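Hello,

Here is the structure I promised to pass on. Please have it open while you read, and my notes follow below it.

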Amino acid sequence: MDSLSSTSVLPNTFSGTGDDITQQILLIWDQIKAPLIVPLLKIAVFLCLSMSVMLFIERVYMAVVITLVKLFGRKPDKRYKWEPLKDDLELGNSAYPMVLVQIPMYNEREVYQLSIGSACGLSWPSDRIIVQVLDDSTDPMIKNMVEMECQRWASKGINIKYEIRDNRNGYKAGALKEGLKHSYVKQCDYVAIFDADFQPEPDFLWQTIPYLVHNPQLGLVQARWKFVNADECLMTRMQEMSLDYHFTVEQEVGSSTYAFFGFNGTAGVWRIAAIEEAGGWKDRTTVEDMDLAVRASLKGWKFLYLGDLKVKNELPSTFKAYRYQQHRWSCGPANLFRKMVLDIIRNKNVSLWKKIHTIYSFFFIRKIVAHIVTFVFYCVVLPATVLVPEVQIPTWGAVYIPSIITILNAIGTPRSLHLLVFWILFENVMSLHRTKATFIGLLEAGRVNEWIVTEKLGDALKMKSAPKAFKKPRFRIGDRVHLLELATGIYLFFCGCYDLAFGKNHYFIYLFVQALAFFVMGFGYVGTFVPSFA
C-alpha cells in the first residue's frame, strides 16, 4: 500500500498541483471550444440578433402608429357613437340598462373596504345596478369582515350581493363564471369587473356604458389603470414605466387599428352577450382575461380602449408579490398561445391581417420573443462572447437596437426618464423570471397553472409598523435570498472580470453594473420588505 503513488490512486487528469489542474482545464476548454462552443454560440448570436430585429421592427411600428393616432386619429367618441343616456318620462329608470358590478376577492384584508366602497359609490340608477362581491377567502375572519361590509352597504339601500363558494376551482375565472350563473344576473345586460384594489370614479359607468348601448358591435370597453403607489419605492416606479408603455402604446394601437387588445382583467365593462357567445370564462390558463378576449375577438366582437378614463389601483410593492405576478403574466400568455394558435389560424370570422396581428404581434413578439431575447441575449449570450472572442456581436445588435428599443419603451413615462438606467437593469433581472415562466407555459411544465393572488398592502405596513416596532422581526432566508438571481450575478461578474483582464469590447462596464443589480435583487434589497414578527 505504501508503494502506491498518488498518480495510481487518482486519475492522471486530476493529479498534480493546483496550477496543473488549471492548465488541464484550460486545455480541455481549448479542445472543445473550436469544434463545439464556437458554432453553438454563433447560432445563439444569430437567433438573438434575429429576435432583436423582430422586436425592433415591432417597436418602431408601434411608435409610428401611435404617433399617427395622436396626430391624426379620431377620438373614441368620433370613431364610435357616444351620447349620454337620457331620462325617459314614460319608461323611467327602465330606460337604463341593467348593470352588474363584479368584485372577485381572496383574503383581501387590506383593500376590501376600498373596492366595495368604490363600487357602491358608482353613480347609476339604484334599481338598475347590482354589486356582486365574489368572496373566495379562506380566512374565516376576513370572510366575516367582507360579509359585514356588504351588509353595511345593503342597509344603506345598495343592491349588493355577497356570494361565496365551497371551493376555489378555477380561481378568479371560476368565481366570475359562478357569479354569472345566479338568477338575478339574467336581467343584466353588461358586467363591470374590478379587482379588489381598484377604485373607479363615481362617473365610470356613465363614461363607458353609452359606448356599449349605442354600438352593438362592441363587446368590451377597457379603461386605463392609475397607480396610487407608484412613488412608494424604486420598484414601483420601474413597474409604472413598463405598464405605462402597455397602456399608452400597446392598448391604444390595438384599439385604434384592429379593435382588439388583451382585456386587463379589471377596470373594464363587458357585454354579457359577448362573454356568452365566446364560451364564457375558462380556467385553462392563468390569464383568463386574455383567453376570453381572444375568443370574443374571434367571434367578431370589437373592443374599445379609453385611455383618458383612469381607475386607481395598487402596484405590488414587495419583490415576492411582484415575482409571482410576473410569473403568472408571462406563463399564462405563452400557454394560451400554445392552446389557441391553431384556433386562430382556422377561424373564418376575422380577416387575415387580424390573424397575423394576433399571432405574430400580440402573442409571438410581445409575449414570447420580448421576454426571451432580453434575458438570453443580454444576460447569457452577450457575456458568453467575452469568454469566446472568436464570436463577435455587431455594434448595431449590441448597442444601437437595444438603445432604440429602450427609448421607445420609456417615453410612455416622461417623468421617469432620469431612471432609465435603473429601469434597464431592473427589467433585465426580471426577464430571468419571465423567460423561465414563458418556457413553462410553452412546454406546460410544472408551475404552468400556479395561481398566487398578488398581495396588496394598502396602508397596512404604515399602520402596523408603529405598534409592533418594539418586537424583533423574524428573518427567514427564503424571504430575502433568491438563488437564481445570485447565480446569474456571479456568472455576469465572472465574465466582467475576464473582459476587464483580456477583452477588448469594454463589456465589463455593463457586466459589472448588471451583476450588481442581480446581487441587489438576489439578496432581496428591492421593493418594500414586510418583516414577519415573532
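One term first: a residue is called buried at under 20% relative accessible area, exposed at over 50%, and partly exposed in between, using a 1.4 Å probe and protein chains only. The model is predicted, so local features need pLDDT of at least 70 and side-chain atom pairs count only at pLDDT 80 or more, while totals for chains, interfaces and linings use all residues. Residues are numbered from 1 along each chain as its sequence is written, and side-chain values use heavy atoms, with hydrogens and water left out.

The chain as a whole

Of the 534 residues in the chain, 52% count as buried. The C-alpha trace spans about 110 × 60 × 45 Å along its principal axes. There are 18 helices and 9 strands; these are DSSP runs, numbered from the N terminus, with helices being H or I of at least four residues and strands E of at least two. Contact here means heavy atoms within 4.5 Å. Taking contacts between residues at least 6 apart in sequence, 82% join residues at least 24 apart.

Helix α8 covers residues 234–257, and His 246 is placed in it. Is His 246 buried or exposed? His 246 counts as buried, because its relative accessibility is 16%. Its side chain is joined to that of Asn 264 by a polar contact of 3.0 Å. (A polar contact is a pair of N or O atoms within 3.5 Å; within protein, one must be able to donate a hydrogen and the other to accept it, and residues adjacent in sequence count only if both atoms are side-chain atoms.) If neighbours within four places in sequence are left aside, His 246 is in contact with Gln 251 and Asn 264.

The loop between α8 and β6 (268–271) holds Ala 259. Although Ala 259 is not a glycine, it has a positive phi of about 50°. With a relative accessible area of 7%, Ala 259 is buried.

How α8 meets α11

Helix α8 packs against helix α11 (residues 319–346) at an angle of about 20°, and their axes are 12 Å apart. Axes are lines fitted to C-alpha atoms, for helices over the stretch in contact, and angles run from 0 to 180 degrees between N-to-C directions. That angle makes α8 roughly parallel to α11; the label applies under 35 degrees, with roughly antiparallel over 145, roughly perpendicular from 65 to 115, and oblique for the rest. On the α8 side the contact is made by Met 235, Gln 239 and Leu 243, and on the α11 side by Phe 319, Tyr 322, Gln 325 and Trp 329. These residues divide into 5 nonpolar, 2 polar and no charged. (Ala, Val, Leu, Ile, Met, Phe, Trp, Tyr, Cys and Pro count as nonpolar, Asp, Glu, Lys and Arg as charged, and the others, Gly among them, as polar.)

Helix α6

Tyr 171 lies in helix α6 and has a positive phi of about 55°, although it is not a glycine. Tyr 171 is partly exposed, at 31% relative accessible area. In α6 (residues 171–179), the buried residues include Lys 172, Leu 176 and Gly 179. Among the elements that cover the buried residues of α6 are β1 (99–105), β2 (129–135), β4 (190–193) and α10 (288–298).

Best wishes
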